[in-house]
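Have the sequence and the 3D view open side by side, and follow along topic by topic.

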Amino acid sequence: MSEIAKLQIGENSYEFPLTKGTENEVAIDIKTLRGATNGVITIDRGFKNTGSCESEITFLDGEKGVLRYRGYSIEELAEKADFLEVAYALIFGNLPTQEQLNKFHADIKSKSVVDDDIKKILDAFPKTAHPMGVLSSLTSALTAFNPSSVNVDSEEDMYNSIVKILGKFPVLVSWTMRKKQGLPLNYGSTSLGYVENILKMMFEQPNESYEISPIIKDALDKLLILHADHEQNCSTSTVRIVGSSHAGLFASLSAGISALWGPLHGGANQAVLEMLEAIKADGGDTKKYMAKAKDKNDPFRLMGFGHRVYKNFDPRARIIKKAADEVLNDLGIEDPILDIAKGLEQEALSDPYFVDRKLYPNVDFYSGIIYRAMGIPVEMFTVMFALGRLPGWIAQWKEMRLNKEPIGRPRQVYTGENLRSFVEIENR
Ligand code: CMC
């Protein structure tokens, strides 16, 4: 292939270099476009064809259903790794040695206590507040309690802010849930593993000791790994773009949490469970809901289906579907909505509407069924997604700052009024 792309605009032709990734992805580098053409830009609503950066973190081939973090396949990581080593690999580039992992975990634990005044902020929220709003606010509030902005040129500063947020974030997650349930706030125990401690912080009752179920611990490890990064998705792009203004790490993460909340992104896991419940309450008529999803006059979409990048099975959905079967089986739970979900999937996979548009189940389709089996309330599902995505956001923010990327600032094509005169209010 020629290493140059040619563009013809009227009589003039322009050449732009191609840039190639390590997996042979090709992009046209248009940074000289506007200057060379005297003002012409590209337009690409929803950035469907636009790369915002070069990144070494996550590789995704949506046509083949491939996902890798730092070169490791998601299937192998989900099978063999634990969440903290995946977090380390995402943030620092390679899987840690045992010694590196021990130090990383010890540093995280040493920074996990949050300022007690955070509880006052939490107290001010009504119990009805959505946990994603609360989590985003508390994460933003952490900035006020840890005001020194990160000196990104100092490896030590960068490392300290990373272990700080990895320590404090699970505390905020568990407090968000406990506040809603009227339970006392706790810290778990530093004697536990990272994921075990998350479970203890979330579920321990004030009057009994909490026994960690290895089935639930393994399931949570797997779910967090599967959510840990997904290259330039909506929330990650948000974190990178907010961070590109040199806003701090915690402020950038808080913005990412808000982006994740929407039902077209992470909020889909809550929406899927609510949809499956609604179908069940409506007599389990999946055909009726399939018809609604296909009806262009009906705003209903089959939640948990479709993906901007995957035009083949989402590899995460494949792993989660299998895990849902195993976890429910191991815990001895029969959940009728698992059958409804499988029925919907079966119908969609043979329906021309879904087949032609390459709509497959995504990561959110089966995850809620596992979360529910673990005892996690539906409104907390997207918070669990955020907990998993945290290392990915951190890794992407770190990469963006270390690469000294310029401030993210897209252009536009203006389609409003041309210049007109101001009309006094009495004459309008
Ligand atoms: N149900 C019914 N039709 C759909 C669905 C769906 N879930 N998803 C896409 N379509 C149709 C859409 O109407 C369009 O049809 P047409 O070409 O006739 O206009 C076509 O498929 C392409 O859809 P699109 O909206 O242009 O695709 P997109 O890449 O902009 O959107 C998506 C991707 C994930 C937002 C979308 O598929 C969707 O809304 N899915 C449901 C929400 C969901 O499950 N989100 C979680 C995504 S995965 C995890 C994450 O990112 O957090």
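Where does K111 lie? K111 lies in the loop between α4 (98-110) and α5 (118-124). Please keep in mind throughout that this is a predicted model. With that said, here is what you can look up in the view.

**Two long-range neighbours**

- K111 is partly exposed, with a relative accessible area of 29%.
- In sequence, K111 and I165 are 54 residues apart, yet their C-alpha atoms are 8.1 Å apart in space.
- M400 has its place in helix α18, and at 2% relative accessibility M400 counts as buried.
- The C-alpha atoms of M400 and V239 are separated by 9.7 Å, although these two residues are 161 residues apart along the chain.

**Around the ligand**

- How many residues surround the ligand? There are 23 of them, and the closest are H265, R301, L302, G304 and R308.
- L302 takes part through its backbone: an N or O atom there lies 2.8 Å from a nitrogen atom of the ligand.
- R308 uses its side chain instead, with an N or O atom 2.8 Å from an oxygen atom of the ligand.
- Y353 brings a polar side-chain atom to 2.8 Å from a nitrogen atom of the ligand.
- The ligand taken alone exposes 940 Å², and the protein buries 78% of that.

**Aromatic rings**

- Y353, which has a polar side-chain atom 2.8 Å from a ligand nitrogen, also belongs to one aromatic cluster together with F305, F354, F365 and Y366.
- R357 lies over the face of Y353, at 3.9 Å from the ring centre.
- In total, the structure holds 14 aromatic pairs.
- One of these pairs is Y371 with F381: the ring centres are 5.4 Å apart and the planes stand at 40°, so the pair counts as tilted, a class that lies between the limits of 30 and 60 degrees.
- This pair links distant parts of the chain, with Y371 in helix α17 (residues 364-373) and F381 in helix α18 (residues 381-402), 10 residues apart.
- Are Y371 and F381 buried or exposed? Both residues are buried.

**Salt bridges**

- Side chains of opposite charge can pair when their charged atoms come close.
- The count of salt bridges comes to 26.
- R240 forms a salt bridge with E405, and the closest N and O atoms are 2.9 Å apart.
- Why does the pair of R240 and E405 tie together parts of the chain? R240 lies in helix α10 (residues 234-243) and E405 in the segment after α18, so the two joined parts are 165 residues apart in sequence.
- R240 is buried, with a relative accessible area of 5%.
- R372 forms a salt bridge with D335, where the closest N and O atoms are 3.0 Å apart.
- R372 is partly exposed at a relative accessible area of 27%, whereas D335 is buried at 13%.
- Which residues are linked with D335 and R372 in a network of salt bridges? E277 and K280 are linked with them.
- R420 forms a salt bridge with E417, the closest N and O atoms being 3.9 Å apart.
- At 60% relative accessibility, R420 counts as exposed.

**Backbone angles to look at**

- Most residues other than glycine have a negative phi.
- N38 is not a glycine, yet its phi is positive, near 60°.
- You will find N38 in the loop between α1 (33-36) and β4 (58-61), and N38 is exposed, with a relative accessible area of 74%.
- K358 is not a glycine either and has a positive phi of about 55°.
- K358 is found in the loop between α16 (352-356) and α17, and at 40% relative accessibility K358 counts as partly exposed.

Technical notes: Residues numbered from 1 in each chain as written. Predicted model: local features only at pLDDT ≥ 70, side-chain atom pairs only at ≥ 80, totals over all residues. Heavy atoms only, no water. Phe/Tyr/Trp six-rings, centres within 6.5 Å; stacked < 30°, edge-to-face > 60°. Helix = DSSP H or I, 4+ residues; strand = E, 2+ residues; numbered from the N terminus. Buried < 20%, exposed > 50% of the residue type's maximum accessible area, 1.4 Å probe, protein only. Lys NZ or Arg CZ within 6 Å of the ring centre and 35° of its normal. Salt bridge = Lys/Arg side-chain N within 4 Å of Asp/Glu carboxyl O. Near = heavy atom within 4 Å. Polar contact = N/O pair within 3.5 Å; in protein donor to acceptor, adjacent residues only side chain to side chain. Areas by Shrake-Rupley, 256 points an atom, 1.4 Å probe, with all protein chains shown as cover.
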